[in-house]
Amino acid sequence: MGYPHAPHPRETTVLSKYFGDRDAIGLDGWRKRGGYVALEKALGMTPAEIVGIVKDSGLRGRGGAGFPTGLKWSFMKPGDGKPHYLCCNADESEPGTFKDREIMRWTPHALIEGCAIGAYAIGAETAYIYIRGEFTEPLERMEAAVREARAAGVIGPNAMDTGKRVDVWVHKGAGAYICGEETALMNSLEGRRGNPRIKPPFPAVAGVFGQPTTINNVETLAAVPHILNNGADWYKKMARADNPRSTGTKLWSVCGNIARPGNYEVEMGFPFKDFLYDLCGGPPPGRKFKAVIPGGSSVPIMNMEEAEAALMDYEGMVAKGSMLGSAGCIVIDDAQCMVKQIARLARFYAHESCAQCTQCREGTAWATKIMERIEAGEGTMADLDTLLEIGDNMTGKTICVLSDSCAVPIASGIQKWRDEFEAHIKGKRCPFRAAAAA
Amino acid sequence: MATSKEMGGVHAESHAAHESDAHAHGEPHEPVFVGERRKQLDELLTRYPTKMAVLLPALWMLQEDRGWVSEAGMAEVAEVLSLTPAYVKGVVTFYTMYHQHPVGKHFIQVCTTSPCNVCGAEDVVNAFLKHTKCGELGVTSDDGRFTVIEVECLGACGFATPVMINSDFIESVTPEKVPDILSKLT
C-alpha cells in the first residue's frame, strides 16, 4: 500500500507498489519504474491479441459488477465503420471506496497507459477519463500527466511513433453519485443530466455519443499493463486453488472503526479474518467489531460470523451472503447504532436518487423517513414490515440499481440486527444515545 | 422525530442559500468566454464530437470566474454552445457542485456519510458551524466568509473526516483541528 502505511508483508503490491512514492508521479519517474513498456508492446500487437491475453488472464471489472474485461472488450466489433470510444469510470463515489483516488494521485501514468492500451484494443482513438468533481487532487495529477504524456508523444496523433492515434482526455464531473453508473456517466459526458439509460442498447452497441463504447473502472485499466508485461499465466496464478474464476490482486479500501484504515492490496481469495485482524490491526482499543460492509455501501451487511468465515474474492463474498462490489470495506464496531447508520445510508441514496424511476424516487425518500423515525424512537413494529415491503418494490424494478442499493442494507439490517430495531421501537428511544448520555 | 422541514428536505437542494440580487454581486460582468477563456473553450471543443459535451467544463469555467452560476451566466454558456438557457439550467440543477446562489468566500463541505459518520463526522460539522459562526447548514456567515454544508461521500473514507474548503481537500479532520484550519484561511 505505501500510503498512509508501509505495505504489510502479506500484501501483494502490484497496483499499489508506488503509492506514497512522489518520484513515481511524473513521466520520467514512471518510465524508470517500467512505465509505458506495455503500451509500446501493445501497439506492436493486433487488438485481437491483446483482447485474447486479457481474456485469458481472468481479469474482471473492479468497479463493482465483476464482468470479465476481455469479454467486454470483445463485444466491440472491429471494422464497423463507426468511431469507438473508451470511457474510464473514475467517478469513485461508492461510500467506503477510495482506491481509484490513490491510483490517480500516485500513479497517474499507470492509468493513462491502461487507457491507451484499452482504447487500442477496442479500436478506439479516444479515451475519456471521467473523474468526479470533488477529486481535486487526482484531477490535477491526471491532467498534468496527460499533458506530459501528450507532449512526449506517448499518446496523441502519433502515439509512440507508431502512426496510431490514441487520445486520452480528462473530463471533470460536477457532483452526482449516479454518474458512476455507466450509462449515466455517458449522459453526463455528453453534457446532459446524469440519468441512467435503459439497456438495451448496451454501450458496446450505442454508448457515448451514440457510438460503440466500452467503459472500465480505473483499477481494471491500471491492471492491464501489468498483465501485458508479465503474462496472463502470472495473473491467473494469483487465485485460490479451488476458485479460478477470481484472479489477480485486488485493492481493498478499509475504513470506519478499525485500527489502520487505508488501502490494502491482496491476492484474490485472501482470508477476510486475517485481513481484518492482522493487516488492518483489528478494532479500535476497547471495542469489538459488530458488522462489516465489504464491497461499498450497496452490498448486504455482514455480521462477524459471516465476515470471519469469508474469503476475499467475487465468489467468496457471495458464499457468505454479500458481494465483493467495489471492495470498499466499511467496518462498524459495537459502539455504533446500526439503526442510525442504516438510516444514514438510506439518506445517502435518497439524496443521490436521480428521481427518474418512481420506485427509487419515492422508495428512497420514504425508507429514509421511516428509518429516521425509528431511530428517533417514534417507530412502530409495523414499520419494519413496511420497510421490507418498500424494499421489495424497490428491487429489480428500476432502470439502474441505485434503488436496489438502498433496499439491500435495510433488509440485511432488519434481518441481522432486528434486536436493535426492536429496542428503538419498544424503548421509544435510541439505546446507544441513551447510554452515551448516561 | 424529524421535523417536517427536515423530512421534506430529503430530496431538497443541499445548500439553500440566501436570496440575492445579481447586481449586489457585481453583475453585469465582462463576458466569460473571451480571450484566454475562449481559447480554452475552443481547444476543449476539439476533444469531443459534439458541442454539448463541453457544457460541464464551460460551467466550471463560469463558476471559477464568477464564484457561482447565475441565470445570466447560464445564458452566456448556452449562447457559446448553441444550447437554450432552459436546457443549461436543467443540467445545472442536476449536479450538486454548481452553486446556484452566491456562497461564502470559503465554501466548506464536510463528509458525513456512514464511513465518516461512525468516526464522528457529525461532531466535525458542529465544530465548523460553531467556529465559523454560521450556526446553520447552508447559511453564509454574516461577514460573508463562510458557508458550511454536509456533503455525501467524498471518496476518502480511510481519512475520516475529509473536508473540502473550496478546492482544497483536507484529510483526517477532527473537531479539535477546526479552529486551526479556520485560522489559516484569509
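Trainee: How many helices and strands does chain B have?

Mentor: Chain B has eight helices and four strands. Helices (H or I, at least four residues) and strands (E, at least two) are DSSP runs, numbered from the N terminus. Along the sequence, chain B goes α-α-α-α-α-β-α-α-β-β-β-α.

Mentor: Some housekeeping: this is a predicted model, where local features need pLDDT of at least 70 and side-chain atom pairs count only at pLDDT 80 or more, while totals for chains, interfaces and linings use all residues. Residues are numbered from 1 along each chain as its sequence is written, and chains are lettered from A and ligands numbered from 1 in the order in which they are written.

Trainee: What makes α6(A) roughly perpendicular to α9(A)?

Mentor: Two packed helices are described by the angle between their axes and the distance between the axes. Here the axes of α6 (residues 108–121) of chain A and α9 (residues 218–230) of chain A come within 7 Å and cross at roughly 80°. Axes are lines fitted to C-alpha atoms, for helices over the stretch in contact, and angles run from 0 to 180 degrees between N-to-C directions. Angles of 65 to 115 degrees count as roughly perpendicular, so α6(A) is roughly perpendicular to α9(A).

Trainee: Which residues of α6(A) and α9(A) make the contact?

Mentor: Among them are A:L111 and A:I117 of α6(A), and A:L221 and A:L228 of α9(A). Two residues are in contact if their C-beta atoms, placed from the backbone, lie within 7 Å.

Trainee: Why is α17(A) called largely enclosed by the rest of the structure?

Mentor: Eleven of its 15 residues are buried, so α17(A) counts as largely enclosed. A residue is buried if 20 or more other C-beta atoms, placed from the backbone, lie within 10 Å of its own. A:L402, A:V408 and A:I414 are among the buried residues of α17(A), and what covers them includes α14, α15, α16 (381–394) and α18 (418–427) of chain A.

Trainee: How do you know that the reach of α17(A) is close to the one expected?

Mentor: Helix α17 (residues 402–416) of chain A reaches 22 Å from its first C-alpha to its last, against 21 Å expected. The expected span is 1.5 Å times one less than the number of residues.

Trainee: How many residues of chain A are in contact with chain B?

Mentor: 55 residues of chain A touch 39 residues of chain B. On the chain A side, α14(A) gives the most, with seven residues.

Note on methods. Parallel < 35°, antiparallel > 145°, perpendicular 65-115°, else oblique. Buried ≥ 20, exposed ≤ 12 C-beta atoms within 10 Å, placed from the backbone.
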